[in-house]
Amino acid sequence: MKTIYQISFIICFLVFCKVFSQTSGNKNASIALPVVTLLDVEPAGNITLNFTAPTEAGRAIVNPTGNTTKWINYTSAIAPGGVSRRITASVNQTIPGVDIKIQAATASGAGGGTLGTPLGQIIITTTPVTIINGIGGAYTGTGVNNGHRLTITVAPNTYSNLSAINNTSITITYTITE
């Protein structure tokens with residue numbers, strides 16, 4: 001009788017294990033992440049930088065205070081094995097005797113990823129010059145107080161080249177590129 005109980009126990013144990021055993025399976029999932037390169041300057045609108053005439057003969061003109069109201073926002077997703085990106089700046093025209101300078105601050109705000117590194121204060125001309133480099137897969141957040149704050153200044157470089165001008169409009173073009 002003892003043998004019958006042992007055999008019955010073994011059969012029940014095997015059935016129990018078979019009924020409650022785990023199985024596994026797999027499914028393939030397809031994921032696509034596009035290459036993304038987007039750049040924006042916030043807030044919209046123009047800035048004004050006006051020199052001030054001296055109040056006493058023999059003094060230099062007074063440079064305007066630098067403008068810090070603009071922010072560069074970007075989103076970047078690089079192709080596998082792709083190189084990092086950079087942001088360049090250029091102007092549509094120069095003003096004789098005047099340097100137009102730009103400086104991007106270190107990124108701040110709601111972004112993440114491999115944010116770019118600013119290169120310090122740069123004199124911009126009609127030839128694009130890098131102001132931020134080393135951008136990888138990243139996003140800066142959008143709007144004011146996200147991304148890289150820009151400081152734009154103007155200063156005389158050669159007084160002998162200065163001429164009085166009124167309301168000369170200069171366009172600064174920013175480009176994100178590899």
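Guide: First, the term. On a 1 Å grid over the protein atoms alone, a pocket is an open set of points where a 1.4 Å probe fits, with protein on both sides within 12 Å along at least five of seven lines; lining residues have an atom within 4 Å of a point. Points are joined across faces, edges and corners, and a volume is the space filled by probe spheres set on them.

This is a predicted model: local features need pLDDT of at least 70, side-chain atom pairs count only at pLDDT 80 or more, and totals for chains, interfaces and linings use all residues. Numbering runs from 1 along each chain as its sequence is written, and side-chain values use heavy atoms, without hydrogens and water.

The largest pocket holds about 1100 Å³ of space. It is lined by 30 residues, and Ile47, Thr48, Leu49, Thr168 and Ile170 are the closest to its centre. Two or more lining residues come from each of β4 (98–104), β10 and β11. Strands here are DSSP runs (E, at least two residues), numbered from the N terminus. By class, the lining has 19 nonpolar, 10 polar and 1 charged residues. Nonpolar means Ala, Val, Leu, Ile, Met, Phe, Trp, Tyr, Cys and Pro; charged means Asp, Glu, Lys and Arg; the others, Gly among them, are polar.

Now the loop between β10 and β11 (172–177). Asn167 lies there. Its phi is near 50 degrees, a positive value in a residue other than glycine. Asn167 counts as exposed because its relative accessibility is 77%, and exposed means over 50% (1.4 Å probe, protein chains only).

Definitions and conventions
Helices (H or I, at least four residues) and strands (E, at least two) are DSSP runs, numbered from the N terminus. Buried means under 20% relative accessible area, exposed over 50%, partly exposed in between (1.4 Å probe, protein chains only).
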